[in-house]
Each structure stands twice: as C-alpha cells, then as structure tokens.
Amino acid sequence: MASLLRFRKLCYVEPAVSKCSFQSFDKVIKKHDQSCIPPPPPPPPLPHNHRKSTNASGGGGDKRKVLRRRREWRCLDWCCWMIGYICTTWWLLLVLYNALPGFQVPDSPGTKLKREGLTALHPVVMIPGIVTGGLELWEGKPCADGLFRKRLWGGSFTEIFKRPWCWLEHMSLDNETGLDPPGIRVRSVPGLVAADYFTSWYFVWAVLIENLAKIGYEGKNMHMAAYDWRLSFQNTEVRDQALSRLKSKIELMYLTNGNKKVVVVPHSMGVLYFLHFIKWVEAPTPMGGGAGPGWCAKHIKSIVNIGPAFLGVPKAASGLFSGEAKDVAFARAMAPGILDSEILGLQTLEHVMRVSRTWDSILSLIPKGGETIWGNMDWSPEEGYDCDPIKEKYIQSTVAESSQSTNETDGKLGFKVEDPVRYGRIISFGKTTSQVQSSNLPSFDPKEISRGRHQRKSNSSCGDDVWTEYDEMGRDSIRAVADNKAYTAKTLIDLLHFVAPKMMRRSETHFSYGIADDLDDPKYSHYKYWSNPLETKLPDAPDMEIYCLYGTGIPTERSYVYRTSPTDRCKSIPFRIDSAVNGNDDGCLRNGVYFVDGDETVPVLSAGFMCAKGWRGKNRFNPSGVPTYVREYKHKPPAFFEGRGLESGAHVDIMGNVALIEDVMRIAAGATGMEIGGDKIYSDILRMSERINLRV
C-alpha cells in the first residue's frame with residue numbers, strides 16, 4: 001500500500017512527472033531516472049537573527065524539533081498509556097489466576113454444600129457484637145438537622161467529618177442513667193442490613209448471609225437480632241424491649257418453620273448478650289421474661305458462639321483506663337501531633353474516652369474471674385507461651401544438632417531461656433515493674449490512692465469542653481496510682497473504681513466480675529450476674545449444644561506497660577501505654593504490650609475456657625450436661641487475590657472463613673457437634689484450662 005502511494009506521488013501528483021513516460025514503478029526504480037523525480041523545493045530563507053542563532057548553537061533547530069515533539073506528548077497521553085498498562089496487566093493476571101493449576105477460585109461453602117444436598121432446616125438468628133451494628137438518628141438537637149433516620153454509626157461515617165462535635169454529643173449516653181440524654185434518640189438499624197456490612201466495603205455478616213441463602217435461607221427463616229450495643233444488656237429491654245422482641249421472634253420462627261428449633265449465632269460481645277438473654281427469658285417477671293424453665297430446651301437447637309469473649313478482654317480495661325489499645329498507642333507514638341496537639345487543642349483521646357465511658361456495654365468486657373482465671377502477680381495460665389514457636393523450634397533443632405556433632409555435654413551450649421512473662425499483671429507502670437518478683441513491688445492499697453481523689457488539679461482555668469473523671473484527681477492521687485505498681489484482674493476493678501467512680505457505679509448495677517461460690521444463692525437471680533458465665537448456670541436443656549468457634553495464631557493483647565503522661569493540659573488523661581518499651585527480638589513485649597495467642601482481640605483463654613472446661617460435662621455451671629465443643633481456626637494470612645482471607649482467624653475477618661461458614665451451615669442444616677468432627681484444637685487451651693484451679 002505504501003509503494004502505491006509513493007508511485008502516485010511520483011507519477012501523478014508532482015508536476016515534473018508529466019515528462020516521464022508511464023512505465024511501471026519497478027522499472028523507474030531500476031533505471032534510477034532522476035529526471036522523473038523532481039528535486040525537493042528549497043527551504044524558505046530564515047531570518048537573519050535566526051540564522052545566527054542556529055549557526056551559533058550548532059544544530060539548535062534539531063533540538064527545538066525534539067522539544068516540540070516532547071511538548072506534544074501531553075499528560076492525557078501518559079494517563080491513557082498508564083491505564084492501558086494497568087488494564088493489560090490485570091487482564092493477564094486474571095487469565096493466569098483462572099487458567100493455571102492451583103489458582104482456580106474455590107467454590108463457596110454455600111455452593112459446595114448445596115451440591116452435597118444440604119438444605120435449610122433450622123431457623124437461624126444472628127446476634128452482632130459491639131460496634132458492628134448500625135445506629136440511626138430518630139430525634140436530635142438542632143445541629144443534627146437533616147439526619148433523621150440517617151446512620152450515625154456504620155455506613156460512610158461522613159457525619160463525623162462534617163459535624164464532629166454534634167456527632168459526639170448524639171453518640172453519648174447519659175452519665176447517670178446510661179440511657180438517652182434529653183432530646184436525643186439514637187436507635188439500632190433493623191433487619192439484616194444492620195450488620196451485614198460495617199461500611200460499604202467492610203463486610204461483617206454479609207458473607208455468611210449470602211452462603212446461607214444458597215441453601216434456601218431467606219427472611220422467613222433467617223433473622224438479625226439488632227440492638228443498641230451501647231446500652232447495658234438489661235437497659236436494652238428497659239428502653240427498647242429488645243429482649244422481649246428477640247423472645248417473640250424466636251417463638252415465631254419456631255412455629256412458622258415446622259416447630260424446628262432455632263440455631264443462634266452470636267459474635268463477640270453478642271455472646272454475652274445472648275448469655276444474658278437465656279437467663280432473662282426463663283426468669284420470672286418483672287425482672288425476666290417469665291417464660292419459665294424449659295423454654296430454651298424447647299426453642300433452641302444450638303448456640304454457635306463466634307469469637308466469644310466469655311471471660312472479657314484485657315483491651316477493654318486499657319480502653320477504659322486510658323482510652324487506647326496497641327493500635328492507638330502506636331499511632332500516638334508515630335504522630336503525636338494528631339492525638340496530643342496542644343496547639344490545635346484536639347484532645348482526640350479525651351473525647352473518645354468521654355464518649356466511650358458512657359457506653360455501659362464496654363463494662364461487660366472487663367476481665368472476669370479475677371486472679372483465679374487471669375493470674376496473679378507471679379503466675380498466669382499462659383505462662384510458658386512461646387511468642388515465636390517457629391524460631392524456637394529452629395533454635396532447639398540447631399542446638400541439638402550442634403550438641404551431637406561436638407559431643408558437648410557440659411551445658412554451655414544452648415540458648416537462653418527468659419524469665420516467665422507475668423501476664424497476670426494486666427497493668428504495670430514501668431517495664432521493670434512488669435517483670436520483677438512481686439516481693440519487690442509496693443503493695444496496692446485502695447485507701448492510699450484515694451486520699452487525694454477530690455483534690456482538684458492546680459490549674460483552675462480549665463473549661464468544660466472535655467469531661468473525663470480524671471478532672472477530679474489530684475497530683476498526689478496520680479502519683480499514688482503510678483508509683484511502681486502493678487494491677488491484676490482483681491485489683492484492676494478497684495483501680496477503675498478509683499479513676500472512674502461514676503462509670504463504675506453504673507457497672508455495679510449491671511455487671512459482676514467474680515466467681516460464684518454457691519450458685520443456688522438467691523442473690524444470683526439478679527440480672528447483674530447473668531452475663532458472667534462464672535456466676536450463673538446454663539439452662540436445663542440437655543439436648544441443646546454450645547459451640548466455641550474462634551481464631552488462633554495471631555498475637556493478641558494480654559497486659560500493658562504504662563507510664564504517666566508528660567502533659568499537664570486541662571482535663572487530660574494522666575496515663576498512657578509506654579510504646580517505647582520492647583522486649584527481646586520476637587519476644588512477647590512489643591510497644592508496651594504483652595501478647596498471647598488469640599484472634600487479635602480476644603485471647604484464647606477467654607474464648608475457649610468455658611467450652612473446654614467450665615461447661616464441659618455435668619458440673620455446677622452446667623447441671624444438665626449441655627454438650628460443648630471447641631472449634632478453632634488457625635489463622636492463615638490472605639493471599640494476594642483473597643481480600644481479607646478465606647482462612648483468616650482474625651476477630652471480624654473470621655466471618656469470611658470458609659471452614660467456619662461451612663461448620664455453621666452444617667449445624668443449621670441439622671448436623672450435631674460429633675457429626676462435624678467434635679473438637680478441633682490448635683492452641684494450648686486444654687493445658688491452660690487444667691492450670692486454672694477453678695472448682696467446677
């Protein structure tokens with residue numbers, strides 16, 4: 001085609017071509033008849049100054065042409081090329097992912113089990129945990145105009161950035177009653193959409209709901225029991241009748257699904273909420289639901305607890321004490337100007353504490369069982385936990401091989417065994433305090449630290465912008481709290497009573513953290529004990545099953561090293577996690593936090609103890625012998641294309657774990673605990689349980 005165009009140009013277009021005889025283009029080329037090819041026209045004369053600059057620069061015209069070509073390559077061209085490269089790369093990776101062996105996307109649990117013939121059988125009720133359920137506004141102050149029935153929690157969270165002070169005011173509860181402040185009504189979002197996604201891109205229950213739908217579940221046999229997770233459990237009934245509505249819903253699903261018992265699936269704090277419910281529903285009115293003994297045996301097939309926090313979580317204590325956990329402490333160390341800016345006056349953590357201390361639900365997560373469960377100053381059930389088992393196995397094998405090859409038996413060759421980590425000291429002021437023998441530490445005396453409780457801070461110019469109960473503490477009290485002291489699960493309760501007396505007065509009304517000596521004592525009929533598995537009995541339902549499903553293999557917060565805060569701002573938090581404190585390489589102490597095995601939020605001890613020992617067999621906590629099963633899911637980091645992971649053991653991401661979803665679906669379709677394999681244990685929960693001297 002190009003040859004034809006050149007021939008046309010030579011023989012037809014140019015004027016000089018008319019003198020040439022019309023012969024084939026090939027013959028013209030062979031004869032090199034230059035007379036048929038007109039000479040190129042002479043270039044136009046250049047201006048005088050242009051010729052000078054050209055001659056002086058030695059080829060400047062060529063440089064200008066190159067520059068002109070570069071200028072013609074616009075930003076839009078670069079963008080188009082980049083988009084093209086990205087799309088091509090993505091397409092090639094997608095082809096490889098679907099074509100190469102081992103890269104095929106596995107079938108979802110719902111598709112797999114449907115192919116096996118499983119269908120919906122037992123109705124399913126899901127109960128979300130703390131913070132994962134959406135909250136919407138029904139009545140508010142003038143600053144909240146235009147937000148009627150809009151989400152204040154969950155969804156896009158845009159209102160936090162548009163009007164943060166208004167948002168904080170509406171998310172807070174009353175400090176005295178633990179209920180709505182005057183003129184404000186925030187309620188839980190109803191239905192499955194309440195907790196399917198936390199935000200538009202972060203799933204919670206959505207994957208489980210989708211897989212259940214594939215074997216026949218829908219609105220008539222699947223329900224999300226949403227509730228206002230900020231309230232104490234009994235106050236959800238006082239204000240919203242949430243417990244009564246849950247009772248009616250279970251009864252309705254039982255009747256409309258052929259008298260099939262219900263499978264209840266709570267997550268995280270929802271486990272404690274439902275534990276409260278099964279005592280409430282059979283307790284006499286007006287304190288309870290008045291259904292009488294036998295209601296649970298009639299209506300509930302299984303309780304499948306996911307990520308259960310039966311015995312509390314230490315990070316709840318650190319959150320109430322200083323408004324932080326490991327992530328916040330790390331962020332504060334990396335960017336103190338964001339959280340501690342005195343110039344901007346942000347006081348972010350102070351506002352977080354002011355709001356969270358009004359949420360009584362957090363009080364249900366304070367560690368339960370005292371020193372018997374969580375350990376004392378010199379002992380803990382996790383003692384001997386290896387924070388890096390792979391490295392230790394390697395060292396042990398290397399040492400063994402070296403010993404055999406050199407025949408050294410004098411004990412010089414080996415690796416140093418560190419002193420045991422004293423996890424029982426949940427809060428310690430200073431690294432040394434967290435490690436030395438208890439005999440070298442000052443004793444804790446609540447009367448000593450309470451002497452300066454009502455001495456106001458010296459700076460009386462503080463306004464009322466940020467309220468925390470630290471406002472009322474004097475310097476002597478702050479020093480008394482932090483003076484080389486350590487606090488166990490028992491003395492931690494006294495510490496919180498001292499630093500936050502208003503909050504803990506509400507706690508005394510709604511929650512308890514001890515161990516019952518005599519469960520037949522009439523005092524345990526009060527609702528404050530119902531969410532503590534160590535102070536209440538399971539219902540008389542021998543055919544009901546209880547499962548503890550949780551992740552393992554992720555470092556999880558267990559205890560903290562604190563220091564006093566250097567700032568003397570008005571109404572500031574006087575204590576903080578000392579993120580500069582670290583142990584040895586790959587040790588259990590990192591950035592001021594001691595870690596144990598767990599799901600990143602709940603330690604294995606809290607998640608598995610009740611199913612492994614506390615309720616195992618007939619005992620005083622489980623008089624009818626309800627069968628219990630421990631099902632652990634070892635964490636596997638997600639691959640590149642897996643998003644949050646198909647085998648994740650993390651506290652929320654485990655809701656997308658295919659093995660867990662399959663277990664839940666089989667139970668809902670009628671399988672028993674033995675039919676799905678019984679216990680599946682990877683952690684040291686059995687050894688830890690045996691080390692706990694609890695009378696069962």
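**Group meeting: cavities and sheets in a predicted model**

Okay, let's start with the holes: there are four cavities of 30 Å³ or more in this structure. Keep in mind throughout that this is a predicted model.

I want to talk about the second largest cavity, which holds about 60 Å³ of space. What lines the second largest cavity? The residues are V271, F274, L275, I278, I303, N305, F310, L538, I546 and W615. Sort that lining by class and you get nine nonpolar residues, one polar and no charged ones. So which element gives the most to the lining? That's α12, with four residues. Both α12, residues 269-280, and β9, residues 300-306, supply at least two residues of the lining.

Now, β9 takes us to a sheet.

Let's zoom in on β9 and its partner β12, residues 545-552. The two run parallel and are joined by five bridges.

On to another sheet. This one is also open, but it has three strands, in the order β3-β2-β4, and the pairing is antiparallel. Its edge strands are β3 (151-153) and β4 (185-188), each pairing on one side only. Here the twist averages 45 degrees from one strand to the next.

How many bridges link β2 and β4? Four, with β2 covering residues 135-139 and the pair running in the antiparallel sense. In β4, R185 is the bridge partner of E139. Helix α8, residues 164-171, lies across β2, β3 and β4, and runs at about 80 degrees to β3.

Last, the whole chain. We've got 26 helices and 17 strands. Of the 696 residues, 49% are buried. And if you take the contacts with a separation of 6 or more, 74% of them are between residues 24 or more positions apart.

Technical notes
Residues are numbered from 1 along each chain as its sequence is written. This is a predicted model: local features need pLDDT of at least 70, side-chain atom pairs count only at pLDDT 80 or more; totals for chains, interfaces and linings use all residues. Side-chain values use heavy atoms; hydrogens and water are left out. Two strands pair if DSSP finds at least two bridges between them. Axes are lines fitted to C-alpha atoms, for helices over the stretch in contact, and angles run from 0 to 180 degrees between N-to-C directions. Contact means heavy atoms within 4.5 Å. On a 1 Å grid over the protein atoms alone, a cavity is a set of points where a 1.4 Å probe fits but cannot get out, and a pocket is an open set with protein on both sides within 12 Å along at least five of seven lines; lining residues have an atom within 4 Å of a point. Grid points are joined across faces, edges and corners, and a volume is the space filled by probe spheres set on the points. Ala, Val, Leu, Ile, Met, Phe, Trp, Tyr, Cys and Pro count as nonpolar, Asp, Glu, Lys and Arg as charged, and the others, Gly among them, as polar. Buried means under 20% relative accessible area, exposed over 50%, partly exposed in between (1.4 Å probe, protein chains only).
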